[in-house]
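This briefing covers a surface patch and a set of strand pairings. Please have the sequence and the model open while reading.

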Amino acid sequence: MGRIFFILVTIFACLIFLLYMPIILCTNVHYDMNRRKLAFSLLLYNRIQLKGGYVGTYAGGLALHTSKNKAKLLSYKDVNNQRKKISLLKGIRVVGGTLHTETGAEYLLEVGAVQSLLRMAFFIRGGEKERIENSVWLTDGDELKIALHLAIYCNLYMLLCALIKSIKENMQKNE
């Protein structure tokens, strides 16, 4: 009887540990306007690469390249429909990041405004001053390059709650 109780308690403790263990995802994004590409990588604990590649455009939408020989074509309509279905963004929290922009004078005002808004949104959500960094480099010519690195915190409990809430909202909309 004691052995079964020990096994059940161990399984329960492991489940609780897995539900609340912090998961830290790091994203690196680089956009180059002249090349018209957005490169990205998604890392687990800033060590294990989960996904990487780049996004380009075609006449009807986006082309997602995650390997050398294959691209997944996403129309703009499909992207918008997928975005509306499940929103797990409420289950994650951005804990830090860096944003570096290299731009010509043509885009300087817009880049400064966007960086200020992102910084303000980070602080409104409870971010710490030491965990965010941004800079703007002014260059000569028509150029826009953006490099972004974000550290995102979540755990399985937060993601499951957001998923269940999203499913409930979708079911209520369909009724």
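In which sense do E6 and strand E7 pair, and over how many bridges? E6 and E7 (residues 132-138) pair in the parallel sense over seven bridges; two strands pair if DSSP finds at least two bridges between them. The model is predicted, so local features need pLDDT of at least 70 and side-chain atom pairs count only at pLDDT 80 or more, while totals for chains, interfaces and linings use all residues. Residues are numbered from 1 along each chain as its sequence is written, and side-chain values use heavy atoms, without hydrogens and water.

**Strands** (DSSP runs of E, at least two residues; helices are runs of H or I, at least four; both are numbered from the N terminus)
- Strand E6 (residues 93-103) also pairs with strand E8 (residues 144-154), in the antiparallel sense over ten bridges.
- Glu-102 has Lys-145 as its bridge partner in E8, and Glu-102 stands opposite Trp-137 in E7.
- From E6 the chain crosses through helix H3 (residues 108-124) to E7 in a right-handed β-α-β crossover (clockwise from the first strand over the helix to the second, with the strands pointing away from the viewer).

**Nonpolar patch**
- Phe-17, Leu-18, Leu-156, Leu-160 and Ile-164 make a nonpolar surface patch of about 480 Å².
- Helix H1 (2-20) and helix H4 (156-174) are the elements that give two or more residues to this patch, and H4 gives the most, with three.
- Patch residues have over 30% relative accessible area and no salt bridge, and nonpolar side chains (Val, Leu, Ile, Met, Phe, Trp, Tyr) are joined within 5 Å, like charges within 9 Å.
- A salt bridge is a Lys or Arg side-chain nitrogen within 4 Å of an Asp or Glu carboxyl oxygen.
- Accessible areas come from the Shrake-Rupley method with a 1.4 Å probe, and for residues only the protein chains shown count as cover.
- Phe-17 lies in helix H1, and Phe-17 is exposed, with a relative accessible area of 54% (exposed is over 50%, buried under 20%, partly exposed in between).

Methods: Buried < 20%, exposed > 50% of the residue type's maximum accessible area, 1.4 Å probe, protein only.
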